[in-house]
Amino acid sequence: ARRAIGYNELVTDSLMVTVAPNARLSRPYWRHASEHDGWVTVEPDAPIGLPWRPPDVVGHAVFAVNGIPVEITQPLQFRTADKAFGEIRREVLVAPALAVSLTPEMAVIPMAGAHQPRRFRVSVWNNVRGRASGTLRLDLPDGWSATPPEASFSFTRQDQEVTVAFDVTPPRAIPAGAYRVRAVAEWNGQRFTEGYRTIAYPHIETRHLYREAASEVRVFEIRVADGLTVGYIMGGGDDVPQALSQLGVNMRLLGPEDLATGDLSQYDVIVAGIRAYEVRDDLIAHNQRLLEYVKAGGTYIVQYNKYEFNAEQYGPYPAKIRQPHDRVTREDAPVTILDPTNPVFNVPNKITSADFDGWVQERGLYFLGEWDSRYVPLLACNDPGEEPKRGGLVEAHYGKGLYIYTGYAWFRQLPAGLPGAYRLFANLISLPKAHQ
């Protein structure tokens, strides 16, 4: 509408905008074809150079001041009030009616007992205003079955969620390989097979990062010692505990009270997560209890730490990480087994060079650069043109027990479902039984 605007006069107008049924979802124009790819693929009409697609709905105001034309554009936004930040404005996002997710995203099934049921959980989030009901099921490889075969869901309002557990049984004579399990929600004649993670902070626009509601299932030959009890000290955050639980290991996350006063002798092995000595003050405070645990016969495995590890002597004997740290960035760098007779490479799984095939992103980082002679290096590898790095996996006998430092990137390989990495890590946590 065309009109004159006086000094300090506010003029408002309104328009009704309806989202088309086939409207494009507000999602990045770039995506990873695989969770473990180091590159992205882009859509054919991608606006290369922009971080995100321009908003789909933009308002334009055209006016003239003293005969000079001026145009103002503003993306469609909604406004909310926050007690801490005041008014917050955000772009309007187009989301699917239902968002579906499936866990675990990566499942590992040992060949022995592969026909046993495995539990998968499907969650459905409702973006429909009002009631919505439908069915939920899993798309499975041929010969696989799920209990229940399908499940119904019913929502009474928007922003509700339902989670359904399915017990999935592979066929008894299943060959080794990679398989795919997908979740499907059906509502109003439509299929929904993906969900999104919301990235929201006060200083940036809210974004939705999408992922297919699918799980990759790896079936391969792997053994782990029977009856293992593992304590895990979570560090900077990794998925290693979930990986271990898929091997049927009895595992417990250790909190401050466990490290301070808990009975550590109940654990066959204790594993420290990545950068634990950077983020766990309680670990630093009670590190001596862990060394006493080793001395009494326990096995303590410490995954990579940053330079904070040099602040004190946290291991049983002196050791240091160089600055800059020793690392191997080539995921396909050849690996040499320095002590082939060591139980680490023989019990319960026989480790060969083939177990280092297919690793993702890197071999490892923050290897030990200097160590006391009582530490024994077990592996060596290096990037092209560099000297062999031997501080990525070292062991030391201390009292009746065993201390291990490892900078190999288990936190990347285990969530990626790499069979060789699983077999070698299974040997590490099985060491107490191997020595017995």
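What follows is one connected answer that starts with the chain and then turns to a single helix.

Reply: The model is a predicted one. The protein chain has 436 residues, of which 43% count as buried. Its secondary structure comes to 8 helices and 31 strands. Along the principal axes, the C-alpha atoms fill a box of roughly 90 × 55 × 45 Å. Of the contacts with a separation of 6 or more, 68% are between residues 24 or more positions apart.

The part to look at is helix H5, which covers residues 287-295. Which of its residues are buried? They are Asn287, Leu290, Leu291, Tyr293 and Val294. Seen down the axis of H5, these buried residues fall within an arc of 155 degrees, so they line one face of the helix. An α-helix has 3.6 residues a turn, so residues three or four places apart point the same way. Just after H5 comes Gly297, with a positive phi of about 125 degrees.

Now take one residue of that face. Leu290 is part of helix H5. Leu290 counts as buried because its relative accessibility is 1%, and the cut-off for buried is under 20%. What does Leu290 touch, once its neighbours within four places in sequence are left aside? Its contacts are Ile233, Leu264, Ile270, Leu283 and Tyr300. Gly315 can also be placed relative to Leu290: the two are 25 residues apart in sequence, and their C-alpha atoms are 9.4 Å apart in space.

Ile233 belongs to strand S19, residues 229-233. In S19, 5 of the 5 residues are buried, so the strand is largely enclosed by the rest of the structure. The cover is on both faces: Thr229, Gly231 and Ile233 are buried on one side, and Val230 and Tyr232 are buried on the other. In H5, by contrast, the buried residues line one face.

Strand S19 also has a partner. It is joined by 4 bridges to strand S20, residues 250-253, and the two run parallel. Within this pair, Gly231 stands opposite Arg252 of S20.

Helix H7, residues 419-429, is mostly covered, with 10 of its 11 residues buried. Among them are Tyr422, Arg423, Leu424 and Phe425.

Some loops elsewhere in the chain have backbone details to note. A cis peptide bond, with omega of about 0 degrees, joins Thr103 and Pro104. Pro104 sits in the loop between strands S7 and S8. Thr147 and Pro148 are also joined by a cis peptide bond, again with omega of about 0 degrees. Pro148 is in the loop between strands S11 and S12.

Asp159 is not a glycine, yet its phi is positive, about 65 degrees. It lies in the loop between S12 and strand S13, and at 42% relative accessibility Asp159 counts as partly exposed.

Terms used. Residues numbered from 1 in each chain as written. Predicted model: local features only at pLDDT ≥ 70, side-chain atom pairs only at ≥ 80, totals over all residues. Heavy atoms only, no water. Buried < 20%, exposed > 50% of the residue type's maximum accessible area, 1.4 Å probe, protein only. Arc of directions from axis to C-beta. Contact = heavy atoms within 4.5 Å. Pairing = 2+ DSSP bridges.
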